[in-house]
Amino acid sequence: MNILIVGLGEVGSYLAKVLSTEGHSITVIDPDLGRMRRVADLLDVHSVHGDGSRPDVLDKADAHQMDLVLAVSNDDKVNMLTCLFGKRMGAKKTVLRLRDTSAFRRSKTFFRRNLQHDLLLSLDDLAAGEIVKTVRQSRGLAVENFAEGRVQMRRFVLAEGGPFTGQVLKDLKIPAGTLITAIDRNHEVLVPGGDDDLRAGDEVFVLGEPKPLAALEKKLGGRQQTARNVVVYGGGGIAVQVCQALQREHVDVRVLVEDRAEAERLSEVLKGVVVLHADPTDLAFLREEHVGEADAFLGISSEDERNLMSCQLSRSLGAKRTVALVQKPDYVFLYQQLGIDVAVSPRLLCANRILAFVRSRSISTIATIEEGQAEVIELELQPGSSLVGKALKHAGFPRGCVVAAITREDGQVLIPRGDDELQAHDQMVLFVLNEVVGEVLERAGIVPE
């Protein structure tokens, strides 16, 4: 592929290194000559000095010939303009990285339609999702979150003698708002029909809303092992998202914030969460608040050193699990060596998500299952599609494809049934076996590569 990378920060530099070694033709743009020279000296890439949001700079980088443009600078406005101009100049696909997605959450379809990005990534959103996953210790493993956490896909392992083991799929009584999308049986992924049976050892992928998924998990696993008492240090956007997600799972959350004004602001934003104005490295305070009894301590402020120290102190007091946010990807291994259970690097998550996108067959792959046997893809149903106005059961998708969730223009999220009618601009999440991805994209009016 011909790939243009705009922005040579930690994300862009990492992507340039990995993608160039995989044989792609890489062009990089950055306004910092020093960063450009460091990358050009180490890697076989073509370098263009300048502002990636300017059409003349993009033209010099041959944006019109690019299979993919990665707008991953540290400036949201530069990235948005890069995607817009890149697509209009002829680039086939664009990836947009943003720091602040608050406006996008309110008008997702508007921005997608006008900026024409194929994939939108936020470091805060990725990090918050990963942190919540690490907190959840139970039989159900959150594979992915969709629709800003309102829809999840989890994987359950069926035990011998369990309530679903040995039953036929059509006879199962599962909560409304959940859908079994696939079965991983002996490392072979199946999209089941109503007559297929469930067996001990099967890994079952279930998509649905968090509350009914939790009810299903309880039915499958009996006693839940999910953390119920979590202490969070940090007051930024990631901390807010994590707290809100944990609240939805009925976890008792306390937040430690060093800045008083920030603590007062959070107490207004996070209703039902105890917000404490405190120093997370004050050992006496941590003892007084019984932080050592927490199921998990999350050091997720913007300061790596404070995250590390507060996690280590909490662990020494008895906290069962520690998670630290790490801004520098190279430090992840070091944190684990120092006894932190999980170190989360937003930049590394972003880079790896983009790598999965580049390596996948679909233009909008969200996740790959069992080394590419299946994909979870997201696509928008265009107004001219032959599927608009049809009931889902008459859409003609092949066996091996399940429409797992639909997000409407008004923000409504559906776990669809056969009688639901498809509408223009529906954002569809589909679970698709690898061998029918091309047929699915063609049926939806998207010409596969």
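1. The buried residues of α12 are D304, N307, L308, S310, C311 and S314. Buried means under 20% relative accessible area, exposed means over 50%, and partly exposed lies in between (1.4 Å probe, protein chains only). Helices (H or I, at least four residues) and strands (E, at least two) are DSSP runs, numbered from the N terminus. An α-helix has 3.6 residues a turn, so residues three or four places apart point the same way.

2. Some ground rules. This is a predicted model, in which local features need pLDDT of at least 70 and side-chain atom pairs count only at pLDDT 80 or more, while totals for chains, interfaces and linings use all residues. Residues are numbered from 1 along each chain as its sequence is written, and side-chain values use heavy atoms, with hydrogens and water left out.

3. What covers the buried residues of α12? The cover includes strands β12 (229-233), β15 (296-299) and β16 (322-325). Helices α11 (283-288) and α13 (332-337) are also among the covering elements. Contact here means heavy atoms within 4.5 Å.

4. The length of α12 checks out. The helix has 14 residues, 304-317, and at 1.5 Å a residue it should span 20 Å. The expected span is 1.5 Å times one less than the number of residues. Its end C-alpha atoms are 20 Å apart, which agrees. Just after α12, G318 takes a positive phi of about 115°.

5. Two other positive phi values deserve a look. Most residues other than glycine have a negative phi, and most peptide bonds are trans. N186 is not a glycine, yet has a positive phi of about 55°. N186 sits in the loop between β9 and β10 (188-190). Its relative accessible area is 72%, so N186 is exposed. H290, also not a glycine, has a positive phi of about 55°. H290 belongs to the loop between α11 and β15. At 46% relative accessibility, H290 is partly exposed.

6. The largest nonpolar core has 38 residues. A nonpolar core is a set of buried Ala, Val, Leu, Ile, Met, Phe, Trp, Tyr and Cys residues joined through side-chain atoms within 4.5 Å. Those with the most contacts inside the largest core are F397, L422, M428, L430, F431 and V432. At least two residues of this core come from each of β8 (151-157), β9 (178-185), β11 (203-208), β19 (374-380), β20 (401-407), β22 (427-433) and α15 (437-443). Apart from it lies another core, of 31 residues, among them I131, V230, V342 and V344.

7. Two residues show the local packing. Leaving aside neighbours within four places in sequence, L430 is in contact with E375, V376, I377, L379, F397, C401, V402, V403, A404 and V440. T181 lies in strand β9 and is buried, at 0% relative accessibility. With residues up to four places away in sequence not counted, T181 touches M153, V191, P192, F205, L207, V402, A404 and F431.

8. How many salt bridges are there? The count comes to 20. The rule is a side-chain nitrogen of Lys or Arg within 4 Å of a carboxyl oxygen of Asp or Glu. E258, D279 and R306 are linked in a network of salt bridges.

9. R408 and D426 form a salt bridge, with the closest N and O atoms 2.6 Å apart. This pair links distant parts of the chain, 18 residues apart: R408 in the loop between β20 and β21 (413-414), D426 in the loop between β21 and β22. Buried or exposed? R408 is buried at 11% relative accessibility, and D426 is buried at 1%.

10. D341 and R315 also form a salt bridge, with the closest N and O atoms 2.7 Å apart. The pair joins distant parts of the chain, 26 residues apart: D341 in the loop between α13 and β17 (342-344), R315 in helix α12. D341 is partly exposed at 30%, and R315 is partly exposed at 35%.

11. Finally, helix α14 (residues 346-359) contains L348. L348 is partly exposed, with a relative accessible area of 24%. Leaving aside neighbours within four places in sequence, L348 is in contact with Y14 and P329. The C-alpha atoms of L348 and V332 are separated by 9.4 Å, and the two residues are 16 residues apart along the chain.
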